Amino acid sequence: MTKNLIITGKEDTNSRQHQEIIALMQFYKAFNGRDMDLMQKSWINSSEASMNNPLGGIMRGWKDIESVYDKIFNGKAKVYVEFYDFTIYGTENMFFATGRERGFFKTDESEIELAIRTSRVFIKVNGEWKQIQHHGSIDNPDILRAYQELVKK
């Protein structure tokens, strides 16, 4: 189902049949489009949500997660990622997608190519897929260090 599929958020969600793929497309549309309203709709908006990433550490609850996206969306840097080389596993009311993200983090002074191992967990709430957990890791220590230093500026 996901072989050779790359999700950027620019896809036509009307042409897809798998609701899991549509949920992922909507997340990346929100992220790459810096759309906080759509991002909020993508996540479960409760204390159950959690996000683990190289910049924010472990964030618990939608309000803390929202603050991370607010900094990304309203900061000076432009961040873009696309999801690829992924697999989806799931049940009727839960699925997780595990794969890779590639993209960039760009400021007026610098640009870093991003390579991130990513997993996202969604649960079904009132018939809609909502993200409840995200984990991202940067394997390359030089890229991780440069990314963390740029974000702190």
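Which residue forms a salt bridge with Lys63? The partner is Glu66, and the closest N and O atoms of the pair are 3.6 Å apart. The views below come from a predicted model, in which local features need pLDDT of at least 70, side-chain atom pairs count only at pLDDT 80 or more, and totals for chains, interfaces and linings use all residues. Residues are numbered from 1 along each chain as its sequence is written, and side-chain values use heavy atoms, with hydrogens and water left out.

**View 1**
A salt bridge here is a side-chain nitrogen of Lys or Arg within 4 Å of a carboxyl oxygen of Asp or Glu. Helices (H or I, at least four residues) and strands (E, at least two) are DSSP runs, numbered from the N terminus. Residues are called buried under 20% relative accessible area, exposed over 50%, and partly exposed in between (1.4 Å probe, protein chains only). Lys63, at 61% relative accessibility, is exposed, whereas Glu66, at 18%, is buried.

**View 2. Asp85 and Arg100 meet in a salt bridge through their side chains.**
The N to O distance is 3.4 Å. This pair links distant parts of the chain, with Asp85 in strand S3 (residues 78-90) and Arg100 in strand S4 (residues 94-106), 15 residues apart. Arg100 is partly exposed, with 36% relative accessibility. The structure holds seven salt bridges.

**View 3**
Arg145 is partly exposed at 42% relative accessibility, and Asp142 is exposed at 51%.

**View 4. Strand S6 pairs with S1 and S5.**
Two strands pair if DSSP finds at least two bridges between them. S6 covers residues 128-137, and eight of its ten residues are buried. Strand S1 (residues 50-53) runs parallel to S6, joined by three bridges; Ser50 stands opposite Gln133 in S6. Strand S5 (residues 111-125) is antiparallel to S6 over nine bridges, and Thr118 stands opposite Gly136. S5 and S6 form a hairpin with two residues between them, and Asn126 in the turn has a positive phi of about 50°.

**View 5. Asn93 lies in the loop between S3 and S4.**
Asn93 is partly exposed, with a relative accessible area of 44%. The C-alpha atoms of Asn93 and Lys124 are separated by 4.9 Å, although the two residues are 31 apart along the chain. Contact means heavy atoms within 4.5 Å. Leaving aside neighbours within four places in sequence, Asn93 is in contact with Phe122, Ile123, Lys124 and Trp129.

**View 6. The largest cavity has a volume of about 250 Å³.**
A cavity is a set of points, on a 1 Å grid over the protein atoms alone, where a 1.4 Å probe fits but cannot get out; lining residues have an atom within 4 Å of a point. Grid points are joined across faces, edges and corners, and the volume is the space filled by probe spheres set on the points. The count comes to one cavity of 30 Å³ or more. Of the 18 lining residues of the largest cavity, Phe31, Asn53, Glu101, His134 and Tyr147 lie nearest its centre. Elements that each supply at least two lining residues include helix H1 (19-32), S1 and S6.

Conventions. 1 Å grid on protein atoms, 1.4 Å probe; cavity = no way out; pocket = protein on both sides within 12 Å on 5 of 7 lines; lining within 4 Å.
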